[in-house]
Each structure stands twice: as C-alpha cells, then as structure tokens.
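Visitor: I should like to go through this structure with you, piece by piece. Could you put it up, please?

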Amino acid sequence: MIFLFSCLIGWLYFDSSERYSKHAKQSDLTHEVLTQYSLIAKLSLEKLIAMGEIVRTGRVQTPQLREENEQQLRGALFSVRDNLLKKIALSHLDSANKELQMLDLITQKVEQIINTNNEIKFLVAQDKLVDANQLFNLLQKQNVDKEFNQLINKAVSQEQALAQQIRNDVNTLYHFSNQALAAALAAMSLFTLMTFWYFWRRINDATKQLHTATSQYSDGNLAHRINALSDFEFQYLGDALNSMAAQLASQQAQLNEAKRSLEEKVAQRTQDLERSNQKLALVDQQRRQFLADISHELRTPLTIIRGESEVLLRSQSAQLPDYKEVLQRVVDEVQHTTALIEDLMLVARSSAGQLKLNIHQFDLKNLLTDIQQVYQRKANAQQQEITLFLANQEAFIDADERRLRQVLMILLENALAYSPSHTCTEIHLLIREELMVIKVIDQGMGIPKEEQQQVFERFYRGNRGQTPGSGLGLPVAKAIIDGHGGHISLQPNSHGQGCTATVLLPILGVETA
C-alpha cells in the first residue's frame, strides 16, 4: 500500500510537471505571437506613413530599403503562423484555428498595403504623381488602415484571452496538485502509522519468545525449543531456530567425534613424519655411500697411476719399452676415470633437467641391427647368442641416436655379463601407437624383486664381488631415457630365469612425451 501511495504521489508530481510544462510552452508561444503582432502593426503603420510621404514629396525609397522592410513584415507574419501551428500541435484547441483565420485576413491586408505601396512607388518613379495621389486616396477611402487596426486588435484580444485562460488553467492546476499531494501524503502517513502499530503488536509477543530462546542457546542449553507462534513469519523463524539448535547439537557431537578422529590422525601423521625422517636419514646415508663409492672408484685409478709413476721414477734401469708400458697403463686408467666422471656428469645433468640431446630422425631398426652385429662377435666369444626380432612397420623416431646407442650397449653389456654360456639374449622391437618398445631379454641369474629399483641408483651393483663395472651403467641409461621423455624398467622373467629390460620411447620425441 505504501508503494502504491508512493506511485500515486509520483504520478501526480510528474503529471503536474508535464501540464505545467505544456502551459508554459503555450504561454511562451502566446507572448511571442503578441510580440510579432506588435511588430506587424508597427511595420504596417510605417508603410502607410511612407506611402503618404512618397505621395507628398515625390521621392521614392531605395529598392534595398524597400525590400528590407517587406522581408521584415513577411518574416513577422511567417513567425506568427509558425507559432500558431505549434500551439495547434501542442493543445489542439479550436481557438488556434480561429487565430489562423484571423492571421489570413491580416496577411491579406498586409499584402494589399505592400502591393499598393509598390504601385505608388512605381508611379512616382515615372513622374505620374496625379495617378499616385489618386491611388493613395482610394486606399484611404477603403479604410484599409482602420480595418487593419481592427484585425490586429481583434487578434491581440484573442491572444490575451488565451493567455488569461492559460493563467486560469495554471492556477487551477496548482490548487488541484497541492490538494491531491496533501491528501495522498496524509493518507500515506496515516496508513504508515496504523501499519507500524499493527506490526508492533504482532512482533512484541513473538520477539519475547525468540529472545528467550537465543538466551538459552547462548547459555549452551541446546535442548530448549520454541513453542508454536500464531504468525507464520515468526513460526518460520522459530522453526528455523529449533532446527538450528538441533543441528548445533548434532554438530557438537560430530565435533567431539572429529576431535577424537583428529587425535588419531595426528598420531598417524606423527608416525608418517617419523617414517619420513627415517627416509631422510636413509637418503643421507645413500649420499654418504655415494661419496664413499665415488671416492673409492676414483682412488683406485689414481693410486695405480701414482704407483706406476713412482716405480718408474725410482727405477734406475728403466728402458724405453718400460716407459711405454707404464704410460699405456696410465692412459688406460685416465680413460677409465674420464668415462666414470662423464657418466657421473650425465646422471647429474639429467637429475637437474639440463641434459642436452641431439634430436634428429633416424631408423631405429638400423640402429638395433648394427648393435646386434657388433655384440654378436662378443657373444660368440662367450659362447652366447643374440637374436633380433623387429616389427614389420617402419621404425623412424625423433631421438638422439648416439645416446640411444649408449643405452643399448649398456643393456647388452649387462645381459652378456650376467648370462652363462650357451644362452640366448633376445632383442625385441615393438610399435604401440605413439610408442617404440625395446625389450632386451637375457637368460642370466635374474634380479630380486627388492633390487628392481635399486639397480638404477648410482654405484649400486648386485653381487658386488662377482660383477664387474662401476655401477653407473643403468643409472646412465635411465638418465638418457628420462631425457627423451621415456621410461626404463628391469623385471625378472615370468619363467623365473633371467630378466627383461624394457625401454619405452615416444616416437615424436620428448616434446610430445
């Protein structure tokens, strides 16, 4: 209801403003018409006086001044007509049509005065003063000036009457708007007071119960419940508070359960932290073992180099062949040490993500065939055999050919080293959608399950006393395959003898791995 009252007051305000604006425009147009009528009367009177002066003196005005006077007079008539048309468009009053008819009569008289003036000037210019005087006397006998003044006075009276009517309408509108706005405001104020009193009575009893309930809940008495209320709004609020109390009680029980569960989780996390600390200790131990291993691996060739050099220096009867033999052993140990350091650097760069690869496209079948032929001679010397199984499809791959050759050499070296005589090592090439799969299957001693991941750690060697090498082969192979975005694994064969090294490589290179 308050909204409706507000809309009514707004409508009254805007309607009054619109009507005030319309009356103001009508008043402005009426004032402009009166002004233009005054100008027409003035210019027409000047024309009549000028005609008398021309007839009396026999002198004609300049054509430029004559045209200027006629343009002003016709411009005033056009302005009056334009304003009257605007009034018709604004109010659609019949009086405006009567004003147009009056304007037509005035226009006829003005044109008669202008034409007569032009004829008199023409006769005077031809020295026909008698004819000009007769024409002027005829104009006076017709009482054109008197009729013109009557028309002007009548038109002005019409405009004044219209202006008075506009003033009366404005006053009526003013009093009506004030009375309507006052009545609407009074009705809205009365309704607001009644509404306030009505709702205050309704709210007072309900708020007492709600306040009591909130006090009970604040004191922790979640078992308190609000009785049924008469008003549905407060009943809805009471039901919501009762539901809230029930949920709080349930949540309190859940919190107690969560607290107990959290304590259990904290204990579990404490155990996990202890296990993590143990893992960190194991990593630290592995780091120390790594340093000890690398120290040992480097100490051995350095000791040999130093020993050979000291023996040669202390020898008094060393000959040239002795020097060459010692230097050859020194060179061999330096090459071994250099290869060891290069392997360590390769693994370190791979761990840091800085391994540089020379990626280009090549045929993996050709690489496997070449490796098989090279190592077949070594296998024959150990009374072993290497068999190659290639896929029927093309096997072009984007990779670093030299590094993949190094990986295959490491895998075949291990396969031949761990396999006994009269066994066969198999190389399989499979193509699976976007992957190249290389399998190297040997018939050696196999690998325990607990060592399947350790074999890829640096310097780790199964059966240290029986296995040659530095323990960097498989870590280097893993670093190279990881650099290609691939995967390498080592698992025992299903029949229990030997193991299978599996290499997965993306066909389109590391960018799409």
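Visitor: Let us begin with α4. Which exposed residues sit on the face of α4 turned away from its buried side?
Guide: This is a predicted model. In it, Val130 and Lys141 are the exposed residues on the face of α4 that is turned away from the buried side.

Visitor: And which residues of α4 are buried?
Guide: Ala132, Phe136 and Leu139 are the buried residues of α4. They lie on the same side of α4 because they cover an arc of only 55° around its axis.

Visitor: What span should α4 have, and how far apart are its end C-alpha atoms?
Guide: Helix α4 comprises 13 residues, 129-141, and at 1.5 Å a residue these should span 18 Å. The end C-alpha atoms are 18 Å apart, which agrees with that expectation.

Visitor: Stepping back, how many helices and strands does the protein have?
Guide: There are 10 helices and seven strands in the protein. Of its 513 residues, 34% are buried.

Visitor: What share of the contacts comes from residues 24 or more positions apart?
Guide: Among contacts with a separation of 6 or more, 72% are between residues 24 or more positions apart.

Visitor: You listed Ile438. What is Ile438 in contact with, beyond its neighbours in sequence?
Guide: Leaving aside residues within four places in sequence, Ile438 is in contact with Leu364, Leu368, Leu408, His428, Leu429, Ala501, Thr502, Val503 and Leu505.

Visitor: Now the helix pairs. At what angle do α9 and α10 pack?
Guide: The angle between α9 and α10 is about 145°, and their axes are 9 Å apart. Their crossing is left-handed.

Visitor: Which residues meet there?
Guide: From α9, Arg403, Leu404, Gln406, Val407, Ile410, Leu411 and Asn414 meet Gly473, Leu474, Val476, Ala477, Ile480 and Ile481 of α10. The buried residues in α10 include Leu474, Val476, Ala477, Ile480 and Ile481. Following α10 is Gly485, with a positive phi near 75°.

Visitor: And how do α8 and α9 pack?
Guide: The angle between α8 and α9 is about 35°, with 11 Å between their axes. This crossing is right-handed. Leu367, Leu368, Asp370, Ile371, Tyr375, Lys378 and Ala379 make the contact on the α8 side, and Glu401, Leu404, Arg405, Leu408, Met409, Leu412, Glu413 and Leu416 on the α9 side.

Visitor: What about His422, then: buried or exposed?
Guide: His422 is exposed, because its relative accessible area is 68%. It belongs to the loop between α9 and β4, and its phi is also positive, near 60°.

Visitor: Where is Pro420?
Guide: Pro420 is in the loop between α9 (401-418) and β4 (424-432). Its relative accessibility is 42%, so Pro420 counts as partly exposed.

Visitor: Which residues does Pro420 touch?
Guide: Not counting residues up to four places away in sequence, Pro420 touches Gln384, Gln443 and Gly444. Pro420 and Met445 are 25 residues apart in sequence, with 8.3 Å between their C-alpha atoms.

Visitor: Last one: where is Ala223?
Guide: Ala223 lies in the loop between α5 (144-218) and α6 (232-314). With 63% relative accessibility, Ala223 counts as exposed. From Ala223 to Ala249 there are 26 residues in sequence and 8.1 Å in space, C-alpha to C-alpha.

Notes. Residues are numbered from 1 along each chain as its sequence is written. This is a predicted model: local features need pLDDT of at least 70, side-chain atom pairs count only at pLDDT 80 or more; totals for chains, interfaces and linings use all residues. Side-chain values use heavy atoms; hydrogens and water are left out. Helices (H or I, at least four residues) and strands (E, at least two) are DSSP runs, numbered from the N terminus. The expected span of a helix is 1.5 Å times one less than its number of residues. Buried means under 20% relative accessible area, exposed over 50%, partly exposed in between (1.4 Å probe, protein chains only). The arc is that of the directions from the helix axis to the C-beta atoms. Contact means heavy atoms within 4.5 Å. Axes are lines fitted to C-alpha atoms, for helices over the stretch in contact, and angles run from 0 to 180 degrees between N-to-C directions. A crossing is left-handed if the near helix is turned anticlockwise from the far one by less than a right angle, and right-handed if clockwise.
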